[in-house]
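Please look over the sequence and the model shown here before reading on.

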Amino acid sequence: MKVRTADFLEFDQEARVYRISPEQAVRDDVEKHYWRHVGVTIMKDWRLYLMLVPMILVFLFWRYFPMYELLGCFKVSNDVLPVSQQLFSGFSYFKRLLVGGDQLSTDFWRAMRNTFILSFYGLCFGFPIPIILALFFNEIRSNAARSVYQVLTYLPKFMSTVVMTSLVTMLVKQGSLTTGMGIINQALSGLGIISADVANAGLLNNPSFFRAIYQISGIWESAGYDSIVFFAAIIAISPTSYEAAQIDGADKMAQMRYVVLPSILSTIVIMLITRIGSLLNIGYEKVLLLYNTNTYVTADVVSTFANRQGMGGNAATGIASAAEMMNNVVGMLLVIGANTIARKASNTSLY
Amino acid sequence: MKRKLEISELIFKIISYTLLTMFALCCLYPFVYAVSASISGRSAVEYGSVVLFPKDVQFDAFAQMFKDNMFWNAYSNTLFLTLYGTLWSMFTAILGAYALSKRRLLFRKFFNFFLVFTMWFSAGIVPQYLNYLATRDVFSAVGIDDDKWLVVIAMGMAAMNIILLRNAFEGVPSEIEEAAIVDGATEMQVLSTVYIPMSKSTIATVALFFAISRWNGYFWARQMISNGNEHPLQVFIRLRLEQYTDPEAIAGWNASYAADSVIYALIVCSIVPILIIYPFIQKYFAKGTNVGGVKE
């Protein structure tokens, strides 16, 4: 917008000088006393602003203050002093983790790789299965039968992480044939898929099974529940669309391709963004509950790595914070990136 | 033409039913096995002869657990954390969401960003832990020494739930609010007599989400509650699991039931209450998955 002199000055014909126009005088006044206006508005409406206070305080104390603690990754870690009084140490912890060349740095890279692998597999297997389930649910015309199937598949979602992991732990427990080996070990070794030694040692003690256990238990737990949103999108499709496609000679696959898929695409995009957004935010609780020293090779993720560094006996909070910082920044870039791409590509976005 | 269509329909139907049945049975099997193993005799469990149905039925594992004071203690702690935690979360969330839903609120954009940013970026476990230690000191300075109150107040704020509520409040027609104001209603009365009754189902959904996250809460409860008598059920189950799957800890086990049966009994006991109330909450559960914060 082009600003012209006449917008804020006007020529006084009698005194032959320029004066500030009345409108501009009001605008100046508002600007000068902006905070007073704000104050008056808030005072007049104080009940509304008071309502915000508990929420703001909770978020400030337990969401934003930890972010301040996170700045410890740039400081010389000294547990005696609060973060504000510690000395600035720059990027030394980051350097130590990224190019340290010692065990710590190797462990960090392993955790980073595991984080990506676990979440990438989760995306590959965990994301399409609920969509397929929803398509299958749609095939069941009888409401009663469908409810039975749905209730059965939602069931695992009602367990807490602890109960779920306890059940998994028990099902693949170590032991021999006389001391309560897990039923899954029994079945797998009975079928000859795994050797007796592997079965006796327990699958959770074997690094090559951790990823499979993690993903399969994840699908078991949430595939049914995650399918609800896709199923809701599918039943919203008007039957006339199917009829029109059938008249054009579309068989089942063609109907899927040209009717169902386009109709639920926006739902898929939204769920995909949410999923990518929480990609690195993988459930540390589940990993913590399932992993042990034998399976760090494939199971250790950045959160659990940081947890061990920063919360054990000889806590290195600076190192732990640096690891979490890198994880969180990459995670945030993924959310924002996924959201931007989705908005550009399909006019659908979260936030 | 018509025939080809019918055949493809039929094939797809058969595939759907088969795979769904298999998946549903896989979902169900671990629960059935857990129930069977919890009431089977010791040798049947240890020799792995329990596959689907219980053998040498005994109820001693349950009896022993029900006699355990720690178990009931843990249950009541969980109820405490769930009840007060949900009340506190709902109190803050409803008030905050109501204020955020008002267009006249100054700095509305800033407050919304303040919430949404916590969905993009979270500090991580260790900084949160350090922060809890610091706030625990603050709490004990004002005389709240009980860790469980810190868990109640500090935990379980989810920006997503507040956004769900805010969107529900934004959907309430402003004419009704204006009518209430003309009748002389104050801000609190508008909220309690207009907004809350008009968005009952969203409120129920959000309360359910808060309650579930409280009921399931494990990690922070274990980290922050130092007194073993105040541990909730989830922590209790985990500690028992760690104890009973350690071969050394159960070396001298001489009960009439297997150590595994105790764990399975615990698992069953923690799932059953949820299964009982499940039919009543199911519709809210399904509703909540319609993504709340979506803007198109």
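## Basis and confidence

This is a predicted model, in which local features need pLDDT of at least 70 and side-chain atom pairs count only at pLDDT 80 or more, while totals for chains, interfaces and linings use all residues. Residues are numbered from 1 along each chain as its sequence is written, and chains are lettered from A and ligands numbered from 1 in the order in which they are written.

For the complex, the predictor gives an ipTM of 0.88 and a pTM of 0.85. Confidence in chain B is highest in helix α4 (residues 69–100), at a mean of 94, and lowest in helix α14 (residues 259–288), at 82. Over residues 291–296 of chain B, pLDDT stays under 50, and the model has 13 contacts beyond four places in sequence for them; two residues are in contact if their C-beta atoms, placed from the backbone, lie within 7 Å.

## The fold of chain B

Chain B has 14 helices and 0 strands, where helices (H or I, at least four residues) and strands (E, at least two) are DSSP runs numbered from the N terminus. Among the contacts in chain B with a separation of 6 or more, 70% join residues 24 or more positions apart.

The C-alpha trace of chain B spans about 80 × 75 × 35 Å along its principal axes. Its radius of gyration is 25 Å, whereas a compact globule of 296 residues would have a value near 19 Å; the radius is taken over C-alpha atoms, and the globule rule is 2.2 Å times the number of residues to the power 0.38. Of the 296 residues of chain B, 39% count as buried.

## One residue, B:Q243

B:Q243 is placed in helix α13 (residues 233–244) of chain B. B:Q243 counts as partly exposed because it has 13 C-beta neighbours inside 10 Å; a residue is buried if 20 or more other C-beta atoms, placed from the backbone, lie within 10 Å of its own, exposed if 12 or fewer, and partly exposed in between. B:Q243 and B:V152 are 91 residues apart along the chain, and their C-alpha atoms are separated by 28 Å.

## Domains of chain A

Chain A is assigned domain 1 (1–44), domain 2 (46–90) and domain 3 (92–346), with bounds from an automatic or database domain assignment. The C-alpha centres of domain 2 and domain 3 of chain A lie 32 Å apart, and their contact takes 8 residues from domain 2 and 10 residues from domain 3.

Definitions and conventions
pLDDT is the predictor's confidence in each residue, from 0 to 100.
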